[in-house]
Amino acid sequence: MNYKGYTADIHYDERDRIFCGHLLGTYDDVYFEGSSVQELETAFHEAVDDYLTYCKETGRVPTRAFGGQTPGEISVRVTQDLRRRTFVAAQQNGVSLDSFVEDALHRALQDSS
């Protein structure tokens with residue numbers, strides 16, 4: 001589910017027989033639930049709206065860590081050998097290290113879908 005730039009992670013709780021969800025891509029814990037898809041979708045929209053209202057009322061900037069159209073930055077620690085091999089592979093492919101890693105991430109995500 002997506003709403004106002006937020007994405008929900010959903011699972012079904014067999015014990016309580018309800019759908020449970022929480023927002024992804026934020027540093028805040030925002031949870032919601034519903035006993036039907038319609039209830040879940042309504043609760044999701046209300047949770048996002050309530051979160052945005054809470055942030056506005058308290059002067060907080062809502063965390064949407066990966067929203068917008070501008071590129072983001074990921075800091076990843078790897079061994080010196082892996083960094084060297086990745087840099088060499090990028091050069092061999094005639095692309096920047098950033099482009100090489102971004103392409104590798106795209107391929108990995110396609111393979112995991």
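**Close-up 1. Helices α2 and α3 cross at roughly 100 degrees in this predicted model, and their axes come within 9 Å.** Two packed helices are described by the angle between their axes and the distance between the axes. Axes here are lines fitted to C-alpha atoms, for helices over the stretch in contact, and the angles run from 0 to 180 degrees between N-to-C directions. Helices (H or I, at least four residues) and strands (E, at least two) are DSSP runs, numbered from the N terminus. The helices α2 and α3 are therefore roughly perpendicular to each other, given that angles of 65 to 115 degrees count as roughly perpendicular, those under 35 as roughly parallel, those over 145 as roughly antiparallel and the rest as oblique. On the α2 side the contact (heavy atoms within 4.5 Å) is made by R83, T86, F87, A89 and A90, and on the α3 side by L97, F100 and V101. The residues of this contact of α2 with α3 comprise six nonpolar, one polar and one charged, where Ala, Val, Leu, Ile, Met, Phe, Trp, Tyr, Cys and Pro count as nonpolar, Asp, Glu, Lys and Arg as charged, and the others, Gly among them, as polar.

The model is predicted, so that local features need pLDDT of at least 70 and side-chain atom pairs count only at pLDDT 80 or more, whereas totals for chains, interfaces and linings use all residues. Residues are numbered from 1 along each chain as its sequence is written, and side-chain values use heavy atoms, with hydrogens and water left out.

Close-up 2. A salt bridge is a side-chain nitrogen of Lys or Arg within 4 Å of a carboxyl oxygen of Asp or Glu, and the structure holds six of them. D103, at 40% relative accessibility, counts as partly exposed, and R107 is partly exposed at 41%; buried means under 20% relative accessible area, exposed over 50%, and partly exposed in between (1.4 Å probe, protein chains only).

**Close-up 3. D28 and R60 form a salt bridge between distant parts of the chain.** The closest N and O atoms of D28 and R60 are 2.8 Å apart. D28 lies in the loop between β3 and β4, and R60 in the loop between α1 and α2 (80–92), 32 residues apart. D28 is buried, with a relative accessible area of 17%, whereas R60 is partly exposed, with 32%.

**Close-up 4. Four strands form an open sheet in the order β1-β2-β3-β4, with antiparallel pairing.** Two strands pair if DSSP finds at least two bridges between them. The edge strands, each of which pairs on one side only, are β1 (2–3) and β4 (31–34). Helix α1 (residues 37–58) packs on the sheet, touching β1, β2 (6–13), β3 and β4, and its direction makes about 155 degrees with that of β4. Seven bridges join β2 to β3, with L23 of β3 as the bridge partner of A8, and four bridges join β3 (residues 18–24) to β4, where F19 has G34 as its partner and C20 has E33.
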